[in-house]
Amino acid sequence: MPDLILTPNLEATDDFYEALLNAHEGLDEADIHALNARLILILANHIGKQSVLEEALAVAGA
Amino acid sequence: MVKARYQTAFRLYPYEKVADQDTPAPKRHSVVIIGGGPVGMGLALDLGKKGIDCLVLDDHDGVGQGSRAICFAKRTLEICDRLGCGDPMVDKGVVWNLGRVYRDESEIYAFNLLPEEGHKRPAFINLQQPYFEQFLVEEIRRQQAKGAPVEIRGQNLLTSLTQNDDHILLDVETPDGPYQIEAEYLVACDGASSPTREMMGLGFGGRVFEDNFLIADIKMQADFPTERRFWFDPPFNRGETALMHKQPDDVWRLDFQMGWDIDRKAELAPEKIKSRVRGMIGEDIPFELVWTSIYTFRCCSMEEYRHGRVFFAGDSAHQVSPFGARGCNGGMQDVDNLAWKLAAVIKGEAPDALLESYHIERKHGALENIKNSSRTADFLTPRNPAHALFRDAVLDLVEKHDFARPLVNSGRLSVPCTYDDSPLNAEDGLPQGPARSRPGSPVVDAPLGDGFLLDRLKGDGFTLLSINCDLPADVEVAGHHIRTLSIRAEGDLIAERYLGDAPAAVLLIRPDQHVAGRWPTYNARALDEAFNTAMGRT
Ligand SMILES: Cc1cc2nc3c(=O)[nH]c(=O)nc-3n(C[C@H](O)[C@H](O)[C@H](O)COP(=O)(O)OP(=O)(O)OC[C@H]3O[C@@H](n4cnc5c(N)ncnc54)[C@H](O)[C@@H]3O)c2cc1C
């Protein structure tokens, strides 16, 4: 069974999305990329499990 | 002279000269309402039914042409049921529950607005705003015939006002010239550009969204489904969004996003609009344009909704983007909230402090509406590359993965506000009970006997609702008689929505059908305290 959750799982979807957009307010393209790269690394560390991360990479790339 | 600023759809209150215009000293009224839109008329009806003398001044003689609002939410219908005019609205309206979202040519998902049984009213009806207002006025006429002290004066334009200690002095312009009246309380329901707000020099802060939307209400016979259909980036409106929605009388609302830099005049040319419409519905269906307009929007609110004896309600107090249908629906909740409080204070039953809670509760509601409708606008109109990046990522993912559905934001449709932290709420005496019936929440409807719970909560004052619990024969609360409703519930929706795991509950319900307090059993002391709190007598 795959471990990656692909059903709705956010506690407060709209609050999260707003916070995500706010974090990007006023950034130029290079800064947007940099922010997202950092964010991915932070979240990846939080998830930790290699099989889940590989699945997520596959889903995102599909 | 009173100039017409717009054409009317129905002339409902033609100008008539009245005695007030010739009296040497200005006549005093308990409540004067400026503006006879849906909010002003709703308030007049609610106050009139409570026996409060009120006068509506409107600078036109009927309902403006062109439907602005079309989506009326369940809570609005429940409020109108309480006011006595829910049935004609629902009979005339188009009921819909299903929404579909498309991207380019394919459907990306569908949603049901009310995936829950056991409500008398549907999640939404579509009804042209002029009809909504007409049904309110017709109910006012019926109440007037029964003696309700409401008066409507058409072509009466408020031109200035002066606040005094115990009244407000109003200058009113009419086709027969100016006159003056006095109001103990004034409620400004004069719309988003509120002249009352201007005259008082009060601000209206917020955000303007840089986007234009074209509305084309068209009449056609077509068997498109009775659903809300929303497109991202459709072939007929590349790079923008579009919406299609059915109204009564074979009228359909088409809404096209257009971006910020447009030539308004060129876009409003009927031929140009018709070609857009054909792009959406196809070449073969005959149609006529009923009403067209280009709108831009902003999300704004006043700081304070109360200034001494002057209150602001509806669009004059707060304005939202149309996404989510929170404008008129929010305004009707203002009515619901203000009417019983004004009536209680005018009748001497509650202190002035109760009126303060109108601002607290409804500003809370308005900020919630503004938050939701701003978020939708940000999703639809990405303001910077990051917004667009994430929106497109969400839309890319949603076709294959359910998790992305809740992230798509084409409008979070109006739901009633729960007044958490209101000074009128009692401490929750049943904290393990269902969250949806906690103090501050609007009563959730549920089947009861042959009818529905809300039908039993339409009377004037407070109601004490007891479920699986005996009440004394004659309940007095803080020296007042109070209406009671005792019911039994087991394994049904009332039990699910009000008891949860508790065997019984007693709820104190406000005149606007919000929960003031709840307890596991009848407790006279707690009830007295809660009633006093809910009446602002702390
Ligand atoms: C395109 C569009 C779509 C919308 N769709 C929806 C929807 O689906 N659902 C929803 O809930 N809301 C919707 N809205 C919002 C809704 O139309 C408004 O929230 C609603 O009309 C506000 O009602 P109101 O009574 O506060 O003000 P208004 O309807 O603006 O009424 C104000 C009244 O005051 C009168 N007046 C003004 N100045 C004076 C004066 N000096 N003296 C006397 N009278 C005066 C005016 O003539 C008018 O009759 C939409 C709005 C737009 C623009």
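At what angle do α8(B) and helix α9 (residues 353-380) of chain B pack, and how far apart are their axes? The angle is about 175 degrees, and the axes lie 9 Å apart. Axes here are lines fitted to C-alpha atoms, for helices over the stretch in contact, and angles run from 0 to 180 degrees between N-to-C directions. α8(B) and α9(B) are therefore roughly antiparallel to each other (an angle over 145 degrees counts as such).

This is a predicted model: local features need pLDDT of at least 70, side-chain atom pairs count only at pLDDT 80 or more, and totals for chains, interfaces and linings use all residues. Residues are numbered from 1 along each chain as its sequence is written, while chains are lettered from A and ligands numbered from 1 in the order in which they are written.

**Helix pair in chain B**
- Helices (H or I, at least four residues) and strands (E, at least two) are DSSP runs, numbered from the N terminus.
- Residues of α8(B) that meet α9(B) include G330(B), Q333(B) and D334(B); on the α9(B) side, L354(B), L355(B) and S357(B) are among them. Contact requires C-beta atoms, placed from the backbone, within 7 Å.
- By class, this contact has seven nonpolar, six polar and four charged residues. Ala, Val, Leu, Ile, Met, Phe, Trp, Tyr, Cys and Pro count as nonpolar, Asp, Glu, Lys and Arg as charged, and the others, Gly among them, as polar.

**Ligand shell**
- The shell around the ligand holds 32 residues (C-beta atom, placed from the backbone, within 6 Å).
- G35(B), G37(B), G191(B), G314(B) and G327(B) come nearest.
- Two or more residues each come from α1 (38-49), β11 (157-163) and α8 (327-346) of chain B.
- α8(B) gives the largest share, four residues.
- The shell has 16 nonpolar, 11 polar and five charged residues.

**Sheet in chain B**
- Four strands form an open, mixed sheet in the order β27-β24-β28-β29. Strands pair if DSSP finds at least two bridges between them.
- β27 (483-487) and β29 (515-519) are the edge strands.
- β28 (residues 505-509) and β29(B) pair in the antiparallel sense over four bridges.
- I509(B) has V515(B) in β29(B) as its bridge partner.

**Chain A against chain B**
- 16 residues of chain A are in contact with 12 residues of chain B.
- On the chain A side, α1 (13-23) and α2 (29-47) each give two or more residues.
- α1(A) gives the most, six residues.
- That side has nine nonpolar, four polar and three charged residues.

Notes. Angles under 35 degrees count as roughly parallel, over 145 as roughly antiparallel, 65 to 115 as roughly perpendicular and the rest as oblique. Two residues are in contact if their C-beta atoms, placed from the backbone, lie within 7 Å.
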